Amino acid sequence: MAERFDRIWYNARLATMRADRPDLGEIEHGVIAARAGRIVYAGAQTDFPADADAAERIDCGGRWITPGLVDCHTHLVYGGNRAHEFELRLKGASYEEIARAGGGIVSTVAATRKASEAELVAHALPRLDALIAEGATTVEIKSGYGLDTETEMRQLAAARSLGCQRSVAIRTSFLGAHALPIEAEGDKDRYIDLVCREMLPAIAKAGLADAVDAFMEGIAFSGEQTAQVFETAGRLGLPVKLHADQLSNLGGAALAAKFSALSADHLEHTDEAGAAAMAKAKTVAVLLPGAFYFIRETQKPPVEAFRKHGVAMALATDCNPGSSPLTSLLLAMNMGATLFRMNVAECLAGVTREGARALGVLHDTGTLEAGKWCDLAIWDIECLAELVYRIGFNPLHRRVWRGQ
């Protein structure tokens, strides 16, 4: 009896993104077959059973299919905006100067604390919809704009709610160690104690976070304070990630590696030793060219060192109100190529396979192969380089999530 599938996509060119295949794992005459939301077959037409049956057969007209895109670093849920700070930067103020003057993250905290969960969801939906419209099927969302237990939990609950209102997989990260709230009166140690003693246990008990993040920087938290957060996360069974080496080299990449972090993100000031440590720990380097561009950084992340040591590199939007109001993974890829000199294969892997790896979900998504979720992006393009080359143009033909 012929095998029956829910759907078959045929007459397609596949970029499987499988690491065990050369380049992008291209298959010129490819077929994808799915059942119960998962891929059963993704490969050459010649190896697919000729008598296979399906409830629906879709002729792709020779279009390219990639895995659905993965945005592995966003701050999508927040209140207000910081357009006025953008004006200040245009007049010469630095990101650090604005933060030290009471702007930056703390100003978003005030707006977020005033917003209800419903308001946070309503404000975040247009940003999420912009990502979905370009083929995103998995999106990570961080907290970090509450800086108290109640608001941090409200942010994470809003992020979870977004995944119920749209056909998209949402991964959440608790970022309580993002900045110091005003009520902490400058006492970082006391605040970190609150994060570890009260916030993290409550969030873990409620099941609101898939990972724990922190911002290790001169304007944020030290290595010792970050380690305290990571040790608490480990006791609660939560993996960790780190905003590392963005404005200076405090050894963030090495610290992330020490705790076997899923990823270390930003990394503009990471040194050779940090890159080597990340490679040994299999910690993914998440590069965020939107923030590099928006705050007019000049120190680029050490892409050559990552290549040399075999560090996996992901790309993400870092969508946030202060340093990267970006809601386009396509533009993030172009920026990764033009600003950081990543090649086409690295950019595409960065928003598929390596983005999934950075979230700890590569077993479920990020490549086209049997057993993974049938999350697809079907493109009206002649060659895969077009996805990186174009600026302000969306060639998405159709997005498929869970085989639908």
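This is a predicted model: local features need pLDDT of at least 70, side-chain atom pairs count only at pLDDT 80 or more; totals for chains, interfaces and linings use all residues.
Q: Let's start with the open sheet. How many strands form it, and in what order?
A: It has 8 strands, running β6-β7-β8-β9-β10-β11-β12-β13, and the pairing is parallel.

Q: Which strands are at the edges?
A: Those are β6 (69-71) and β13 (313-315), each of which pairs on one side only.

Q: Which strands does helix α7 touch?
A: α7 (residues 223-235) packs on the sheet and touches β8 (169-177), β9 (211-216) and β10 (241-244). The direction of α7 makes about 175 degrees with that of β9.

Q: OK, switching to helix pairs. What's the angle between α4 and α5?
A: About 55 degrees, with the axes of α4 (residues 117-133) and α5 (residues 149-165) 9 Å apart.

Q: Which residues make the contact?
A: From α4 you have E117, L120, V121, A124, L125 and L128. α5 brings in R154, Q155, A157, A158, S161, L162 and Q165.

Q: How does that contact split by class?
A: Between α4 and α5 there are 8 nonpolar, 3 polar and 2 charged residues.

Q: New topic: T137. Where is it, and is it buried or exposed?
A: T137 is in strand β7 (residues 136-142). T137 counts as buried because its relative accessible area is 0%, and the cut-off for buried is under 20%.

Q: What is T137 in contact with, leaving aside neighbours within four places in sequence?
A: The contacts of T137 are G68, L69, V168, A169, D375, R399, V400 and W401.

Q: And G392, buried or exposed?
A: G392 counts as exposed, since its relative accessibility is 86% and the threshold is over 50%. You'll find G392 in the loop between α15 (386-389) and β15 (396-400).

Q: How far apart are G392 and N334?
A: They're 58 residues apart in sequence and 10.0 Å apart in space, C-alpha to C-alpha.

Note on methods
Residues are numbered from 1 along each chain as its sequence is written. Side-chain values use heavy atoms; hydrogens and water are left out. Axes are lines fitted to C-alpha atoms, for helices over the stretch in contact, and angles run from 0 to 180 degrees between N-to-C directions. Helices (H or I, at least four residues) and strands (E, at least two) are DSSP runs, numbered from the N terminus. Contact means heavy atoms within 4.5 Å. Ala, Val, Leu, Ile, Met, Phe, Trp, Tyr, Cys and Pro count as nonpolar, Asp, Glu, Lys and Arg as charged, and the others, Gly among them, as polar. Two strands pair if DSSP finds at least two bridges between them. Buried means under 20% relative accessible area, exposed over 50%, partly exposed in between (1.4 Å probe, protein chains only).
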